[in-house]
Amino acid sequence: MTSFIPPLHEKSPHLPFGDQQDSAFYGRDIISVNQFDRGQLNYIFDVAHEMYEMVARVGSFDLLKGKILASLFYEPSTRTSSSFTSAMERLGGSVIPINNVSYSSVTKGESLPDTIRTLEAYADVIVLRHPEVGSSALAARYAQKPIINAGDGIGEHPTQALLDLFTIQEELGQVDGLTITMMGDLKYGRTVHSLARLLTLYDIRLNYVAPEILQMPAGIKEEVEAKGIKQASYEDLIPVLPETDVLYVTRVQKERFEDPSKHEELKGSYVISTETMKAAKDRMIVMHPLPRVWEIDMGVDEDPRAAYFRQMEYGLYIRMALLAMVLGKA
Amino acid sequence: MTSFIPPLHEKSPHLPFGDQQDSAFYGRDIISVNQFDRGQLNYIFDVAHEMYEMVARVGSFDLLKGKILASLFYEPSTRTSSSFTSAMERLGGSVIPINNVSYSSVTKGESLPDTIRTLEAYADVIVLRHPEVGSSALAARYAQKPIINAGDGIGEHPTQALLDLFTIQEELGQVDGLTITMMGDLKYGRTVHSLARLLTLYDIRLNYVAPEILQMPAGIKEEVEAKGIKQASYEDLIPVLPETDVLYVTRVQKERFEDPSKHEELKGSYVISTETMKAAKDRMIVMHPLPRVWEIDMGVDEDPRAAYFRQMEYGLYIRMALLAMVLGKA
Amino acid sequence: MTSFIPPLHEKSPHLPFGDQQDSAFYGRDIISVNQFDRGQLNYIFDVAHEMYEMVARVGSFDLLKGKILASLFYEPSTRTSSSFTSAMERLGGSVIPINNVSYSSVTKGESLPDTIRTLEAYADVIVLRHPEVGSSALAARYAQKPIINAGDGIGEHPTQALLDLFTIQEELGQVDGLTITMMGDLKYGRTVHSLARLLTLYDIRLNYVAPEILQMPAGIKEEVEAKGIKQASYEDLIPVLPETDVLYVTRVQKERFEDPSKHEELKGSYVISTETMKAAKDRMIVMHPLPRVWEIDMGVDEDPRAAYFRQMEYGLYIRMALLAMVLGKA
């Protein structure tokens with residue numbers, strides 16, 4: 001395969017969006033959190049909130065009847081693929097599920113651009129999960145139909161960041177003025193990196209709580225710093241919990257530790273229990289991208305401040321909004 | 001993960017059903033054959049018969065339009081998952097297919113309760129197949145949406161038992177007064193255990209035909225005995241075939257025998273052929289949960305008494321009925 | 001399992017079709033390219049062209065609303081299964097996706113006839129991909145519902161041949177009078193064998209361009225010869241390219257060569273580049289069944305004569321036409 005790259009389509013996410021919000025997303029790709037400004041985020045959240053109200057009222061409706069989503073997953077992700085499938089079905093559309101595609105290198109099998117150009121003969125929009133950074137941007141360069149990035153390796157997972165932000169706004173009424181504390185594996189967690197970037201568009205404070213070897217990377221901190229956001233790092237939750245409005249917990253994987261006993265040790269200091277919650281504000285939320293392992297005790301699930309299962313539901317509305325918008329039906 | 005277990009929801013199958021049949025199943029789980037009484041079975045079969053008539057007349061209809069089924073299979077079962085998918089689609093609903101989920105232990109991956117609580121943000125009803133006994137009951141304890149057990153290991157597979165019973169009623173007009181002969185692997189066959197339990201609600205006779213090492217377990221026989229049902233065990237079909245109204249054949253797997261020649265030997269005595277059928281009543285049926293291997297000769301397929309493929313179709317109507325009922329649309 | 005074979009159903013594709021084209025395909029199977037005459041091909045292409053116009057105008061429509069397709073793939077084929085799924089969904093129908101079915105021999109698992117007879121209790125039409133030659137014909141012999149062959153090993157893949165022919169007709173306005181040059185692996189390529197057979201119904205010329213070890217098999221050439229079609233073999237594209245109306249390129253797999261350096265050597269002589277295209281007619285098309293590896297340079301993709309991605313789209317319309325026809329809705 002040569003390295004021939006066609007010119008960017010006019011729908012490219014690298015071009016600035018137009019001013020007219022109502023048509024700004026029609027035919028566009030959703031590749032990176034960096035493509036959004038606050039006006040666009042507000043617009044997405046307004047549409048997502050309408051989706052929430054429609055689902056509460058009628059369950060499903062025929063906004064995207066006759067439209068087809070190709071759900072192309074090169075690596076399994078039950079949660080994300082189920083969420084997009086449900087989003088399309090609640091809007092009356094159909095899905096072509098393509099799971100467990102064996103990832104074959106460019107030299108052995110078909111290139112991603114060819115697969116994308118084949119699928120766009122069958123579908124109106126393509127959701128892509130692929131283990132390689134930049135794969136969604138590559139796909140978008142070739143596709144005439146909108147591409148939605150559902151995770152490109154350690155790159156981005158923009159719909160996750162959008163649903164995280166939407167959860168905060170819906171649960172607490174606004175984002176400005178809040179103190180957001182991120183805890184757990186902040187070094188390798190794609191989720192917290194994207195969310196931190198997106199939060200720099202707001203007037204907030206960021207706390208990072210993690211063991212030293214899992215702290216937020218310097219690169220992200222510099223980006224946050226450059227936007228004038230106040231941030232601080234801690235190894236313990238106790239000093240910052242009382243002032244925290246959003247506690248965003250992530251999974252700490254055993255594999256990150258050379259010494260397994262180190263991982264065991266952490267379970268003491270970094271687990272959220274009903275006891276922990278006593279020191280938290282009455283009006284705050286606990287979030288987690290799931291799956292969790294031991295980071296949040298199941299006893300916390302009954303606490304009304306535990307927002308992580310509602311967070312899954314907000315993800316449905318964000319994905320409904322994005323599908324409707326890129327298909328010109330919002 | 002701690003062992004915290006939340007209180008049962010009011011929809012729990014462990015609570016007795018109400019008297020009003022039309023709303024008795026709305027929001028309920030379908031976990032075990034033990035949850036049904038005869039009145040409820042009659043109601044399910046009435047609805048299933050209506051489904052049969054509607055499918056014969058119009059193929060599909062929009063009773064569950066806009067509703068979403070999450071079909072969650074932790075182990076493959078093409079027959080059962082296809083049947084539920086078809087049932088949902090014939091009712092105008094949609095499906096989120098989740099197959100080949102790698103089963104990961106509670107310590108390594110996500111717990112079943114968390115998976116269920118995530119999926120119920122996307123779906124209106126969840127069908128669960130899982131290799132562990134009690135998994136569906138566990139799921140039901142956490143879920144707000146109805147759970148339908150599609151097989152929990154060597155536990156139960158209630159929709160199979162319901163479709164077996166419905167087949168008998170539809171094919172022979174009634175269940176009371178019949179002689180049902182079960183043949184094959186009665187020791188390990190989950191299907192015959194559930195069916196035997198369900199049949200104790202009727203006035204029937206049970207014959208068990210199996211080699212001694214594969215006979216019906218003492219526990220099941222005691223349950224049947226306690227309900228006052230006449231039962232008898234045989235090693236050969238010949239003496240009971242002439243009086244049999246329903247011959248329920250099951251698969252005998254080679255793996256059950258330490259001595260493989262023993263398995264070969266059985267093929268002589270436990271296979272149903274056109275020759276065998278000569279000694280059977282004119283009005284009787286042969287059933288099999290499928291897949292069959294050698295237990296029923298393909299020549300028998302053309303015999304009108306061979307009901308096993310029709311049995312698959314009755315399964316569709318039972319699953320349509322259950323989906324409509326738990327979603328409050330029957 | 002005995003070798004009992006029931007009599008053919010009246011819907012068998014081995015019987016000649018009736019004269020009335022509008023009902024000729026209702027309830028029929030699509031098994032082999034040999035079952036079609038020119039009148040039937042014209043009819044299929046007329047319906048496919050209508051599908052193209054309808055999709056261009058409205059995207060999807062409810063011609064097959066309420067109908068269910070069982071998509072049964074014993075080996076993966078993302079392109080073919082996605083195309084059939086899209087075809088069914090654009091017609092308003094539903095799909096039961098059955099992928100990654102582990103192929104088990106007749107002695108160990110369920111026989112194909114039993115699987116088919118089970119699925120037809122749930123679906124209105126079955127698309128079958130299976131690694132064994134003759135599997136679709138076998139399935140059709142047992143099924144009451146229409147079977148569409150989506151590839152039976154090195155046997156046939158009739159919908160591919162139909163879409164290839166439809167692409168030629170749509171792109172160039174007619175098939176008669178054209179010179180079609182097939183290039184690449186002509187020995188093992190199921191696609192070019194079926195297409196060559198189908199082309200013998202037209203007044204065309206065939207050129208075969210391949211290294212000697214990958215030339216068109218003598219058997220196919222004899223069939224073509226018997227129909228009075230002019231054909232000629234070459235090892236190089238240069239002499240025939242200027243007169244070529246359709247250049248049909250296929251993939252040359254490394255595994256076909258005992259000496260890997262031989263494969264490398266070919267890349268020089270059998271690759272289509274922008275340079276190659278300079279010697280081709282202005283009005284001609286390049287086709288490829290995809291996936292391609294190195295046979296067509298990506299630079300050629302922008303050439304309007306590159307028809308291989310449009311070919312994928314024509315496949316959608318052919319499959320929509322066939323589904324509508326066998327379900328009696330064309």
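Modeller: In chain B, five strands form an open sheet, and their order across it is S7-S6-S5-S8-S9. The pairing between them is parallel. Please keep in mind as we go that this is a predicted model. At the edges of the sheet sit strand S7 (230-234) and strand S9 (285-287) of chain B, each of which pairs on one side only. Neighbouring strands in the sheet are turned against each other by 20° on average, direction ignored.

Strand S8 (residues 246-249) of chain B is joined to S9(B) by three bridges, and the two run parallel. To find one such pairing on your screen, pick B:Leu247: its bridge partner in S9(B) is B:Val286.

Now follow the chain out of another strand of the sheet. Between strand S6 (205-209) and helix H8 (218-226) of chain B there is a loop, and B:Glu212 has its place there.

In total, 23 residues of chain B are in contact with 22 residues of chain C. On the chain B side, helix H3 (78-90) and helix H11 (308-326) each supply at least two residues. The largest share, eight residues, comes from H3(B). Sorted by class, this side of chain B has eight nonpolar, eight polar and seven charged residues.

How are chains B and C placed relative to each other? A rotation of 120° with 0.0 Å of shift along its axis superposes chain B on chain C, with an RMSD of 0.0 Å. The two copies are therefore related as by a three-fold rotation axis. Only 4% of the interface residues of chain B are also interface residues in chain C, so the copies meet through different surfaces.

Chain C touches chain A as well: 23 residues of chain A are in contact with 24 residues of chain C. The elements of chain A that give two or more residues to this side are S1, S2 and helix H4 (112-119). By class, the side of chain A that touches chain C has 13 nonpolar, six polar and four charged residues.

Two of those elements pair with each other. Strand S1 (residues 68-73) of chain A runs parallel to S2(A), and five bridges join them. Strand S2 (residues 94-98) of chain A is mostly covered, with five of its five residues buried. On one side these are A:Ser94, A:Ile96 and A:Ile98, and on the other A:Val95 and A:Pro97.

Let us finish with a helix in chain C. Helix H2 (residues 38-58) of chain C has 21 residues and reaches 30 Å from its first C-alpha to its last, close to the 30 Å expected at 1.5 Å a residue. Its buried residues are C:Tyr43, C:Ile44, C:Phe45, C:Val47, C:Ala48, C:Met51 and C:Val55. As you look along the helix, remember that an α-helix has 3.6 residues a turn, so residues three or four places apart point the same way. After H2(C) comes C:Gly59, whose phi is positive, near 80°.

Notes. Residues are numbered from 1 along each chain as its sequence is written. Chains are lettered from A and ligands numbered from 1 in the order in which they are written. This is a predicted model: local features need pLDDT of at least 70, side-chain atom pairs count only at pLDDT 80 or more; totals for chains, interfaces and linings use all residues. Helices (H or I, at least four residues) and strands (E, at least two) are DSSP runs, numbered from the N terminus. The expected span of a helix is 1.5 Å times one less than its number of residues. A residue is buried if 20 or more other C-beta atoms lie within 10 Å of its own, exposed if 12 or fewer, and partly exposed in between; C-beta atoms are placed from the backbone. Two residues are in contact if their C-beta atoms, placed from the backbone, lie within 7 Å. Ala, Val, Leu, Ile, Met, Phe, Trp, Tyr, Cys and Pro count as nonpolar, Asp, Glu, Lys and Arg as charged, and the others, Gly among them, as polar. Copies are superposed by least squares on the C-alpha atoms of residues with pLDDT of at least 70 in both. Two strands pair if DSSP finds at least two bridges between them. Axes are lines fitted to C-alpha atoms, for helices over the stretch in contact, and angles run from 0 to 180 degrees between N-to-C directions.
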